[in-house]
Every structure is written in structure tokens, then in C-alpha cells.
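Please keep the sequence and the model in view while reading.

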Amino acid sequence: MRILCIGDIYGTLGMQALRDYLPKVKQTYKPHLIITNGENAHKGHGITFSEYKEMMSLGIALVTLGNHAFRYDKIREFIDKSNIIRPANYDISVPGKGYQTIRFNEKTVTVINLMGRIFMGDPLDNPFKVIDEILEKVNSDIVLIDFHGEATSEKIAFAHYVDGKVTAVFGTHTHVQTNDAMTLPKGTLYITDLGMTGPLHGILGAQVESQINKFFTGMRGPVKELTEGKKQFNGVLIDTDLKKIDTISIRE
């Protein structure tokens with residue numbers, strides 16, 4: 001099976017990049033299943049129902065989230081009945097589900113969303129312990145994990161922890177595609193970060209001036225999306241039959 005995993009869709013330009021490039025990527029790589037991280041789709045923070053529906057209309061099967069999962073508050077009204085997966089290491093009382101299993105051509109595919117804790121600031125449960133609990137319940141042909149985290153060391157450590165237990169682990173959140181797509185010693189496919197789908201010349205998707213000013217002054221201010229300029233589309237293609245993971249990177 002060929003599975004396309006698209007990096008964090010960021011804001012207005014991210015949605016536009018999805019419209020512009022996904023049809024071409026589908027035609028070139030012919031994926032059977034498409035997954036994307038959508039936690040930044042709404043102006044850089046959260047995801048609205050209309051953005052979610054558009055992703056579904058473009059052929060995306062599942063949408064994962066991260067630390068901005070609930071920044072758009074109305075997601076609570078539709079997340080339970082959607083194909084959106086929020087990090088599984090949130091408390092059990094949090095709306096939504098942390099993983100979902102779907103069927104394709106007689107195969108079962110489970111996608112799990114987890115969030116790292118290093119430098120993230122959110123008091124989530126330990127993802128290493130949570131994945132053990134999930135894997136005891138899951139019996140699928142293919143298991144994929146979106147590990148949404150800041151620290152590369154935590155992502156790599158987690159991937160080695162589940163090496164041989166899952167099909168693939170792909171990192172999200174840092175918005176810069178890494179050059180380490182590989183097969184781990186026990187067979188799990190891995191990349192530290194898929195990269196971002198959105199503005200090419202912003203600072204991780206945000207307006208340049210405001211972000212530079214933060215580094216000058218040390219004062220935190222609102223993060224505003226960059227809404228004009230060139231775009232990029234990043235992700236990976238996972239081939240479970242060939243046991244390969246290849247990066248995809250398109251820049252205007």
C-alpha cells in the first residue's frame with residue numbers, strides 16, 4: 001500500500017498549496033491513502049469545520065493534530081463525529097479520539113496521534129506509556145504514528161522504542177522537513193519531521209517581521225500567518241509493500 005503523509009498545513013497559503021499541489025501529487029504517486037496534519041490550517045492555529053470538509057473533498061482520509069488541536073474552540077462541536085485524530089496522550093476527558101482504524105482493500109490501517117512533552121509545555125501523559133496501552137488494543141495490518149513534537153531526540157527515541165512494533169513513525173510540528181527518512185533496524189519506517197505545507201518564505205509559516213522582532217526584544221506577541229507569497233508542499237510517501245519511505249518536497 002502507498003500512503004501519502006502531508007506535513008503541517010499552515011493557514012491560508014497552506015490550504016491553497018493543498019489545492020494546487022495535491023491533485024498533481026496524487027497523479028504522480030497514486031497513493032491509496034492520504035493523511036495530513038491539520039492543526040495549523042486555520043490562520044496558523046487550529047482547524048475549522050470548513051477546512052476539515054475541504055480536506056476530505058480533496059481525498060484526505062484522516063487528519064491528525066497537535067498542540068493547537070483545540071485553539072479553534074468550535075472543534076469540540078464536530079471532532080467526535082469526524083475523521084480527525086487528536087493526540088492520544090490527552091486526558092481521557094478530552095473530546096475526540098487518539099487513534100482510528102480504517103479498512104482499505106481487505107487491509108486494516110490504524111493511525112495514531114501522539115504529542116511529545118519536551119519543550120511543548122502541555123501537561124500530557126507520557127507518550128511512551130500511552131503507546132504501549134494502545135498497541136495492546138490494536139491488531140492492524142498497518143500502524144502509523146504521527147508524533148507531534150519539538151525535540152528531535154524525543155522523536156528519535158520514541159521511534160526506536162516502537163521499532164518493529166509499528167509500520168512507520170513520522171514527526172510533525174517543527175515545520176522543516178528533515179533529511180533522515182530511513183528504515184530503523186527492526187523495520188519501522190521513520191522521518192523526524194514531514195515539513196510544512198504553506199508559506200515558503202515565512203518563519204515557520206508566520207509573518208517575518210513580527211517573528212524577528214520577538215528575537216530582538218524577547219517579548220512574545222501574536223503569531224500572524226503569512227498570507228501572500230510563494231508556497232511549499234512537503235510530506236512523505238510510505239510504501240508498505242516495498243518497505244520504503246521517500247520524501248516529497250515542492251517549492252514554488
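The second largest pocket holds about 310 Å³ of space. Here a pocket is an open set of points, on a 1 Å grid over the protein atoms alone, with protein on both sides within 12 Å along at least five of seven lines, where a 1.4 Å probe fits; lining residues have an atom within 4 Å of a point. Grid points are joined across faces, edges and corners, and a volume is the space filled by probe spheres set on the points. The model is predicted: local features need pLDDT of at least 70 and side-chain atom pairs count only at pLDDT 80 or more, whereas totals for chains, interfaces and linings use all residues. Residues are numbered from 1 along each chain as its sequence is written, and side-chain values use heavy atoms, with hydrogens and water left out.

Of the 14 residues that line the second largest pocket, Ala88, Tyr90, Ile92, Val130 and Glu133 lie nearest its centre. Helix α3 (residues 127-137) contributes the most to this lining, with 4 residues; helices (H or I, at least four residues) and strands (E, at least two) are DSSP runs numbered from the N terminus. By class, the lining comprises 6 nonpolar, 2 polar and 6 charged residues. Ala, Val, Leu, Ile, Met, Phe, Trp, Tyr, Cys and Pro count as nonpolar, Asp, Glu, Lys and Arg as charged, and the others, Gly among them, as polar.

The largest pocket has a volume of about 680 Å³. His68, His173, Leu204, Lys214 and Val223 are the closest to its centre among the 24 residues that line it. Its lining divides into 8 nonpolar, 10 polar and 6 charged residues.

Side chains of opposite charge can pair when their charged atoms come close. With a salt bridge defined as a side-chain nitrogen of Lys or Arg within 4 Å of a carboxyl oxygen of Asp or Glu, the count is 7. One of them joins Asp193 and Lys155, at 3.0 Å from N to O. This pair links distant parts of the chain, 38 residues apart: Asp193 is in the loop between β11 (189-191) and β12 (196-199), and Lys155 is in helix α4 (residues 152-161). Asp193 is buried (under 20% relative accessible area; exposed is over 50%, partly exposed in between, with a 1.4 Å probe and protein chains only), its value being 0%. Lys155 is also buried, at 2%.

Lys231 and Glu252 form another salt bridge, with their closest N and O atoms 2.8 Å apart. Lys231 is buried at 8%, whereas Glu252 is partly exposed at 39%. Asp20, Lys231 and Glu252 are linked in a network of salt bridges.
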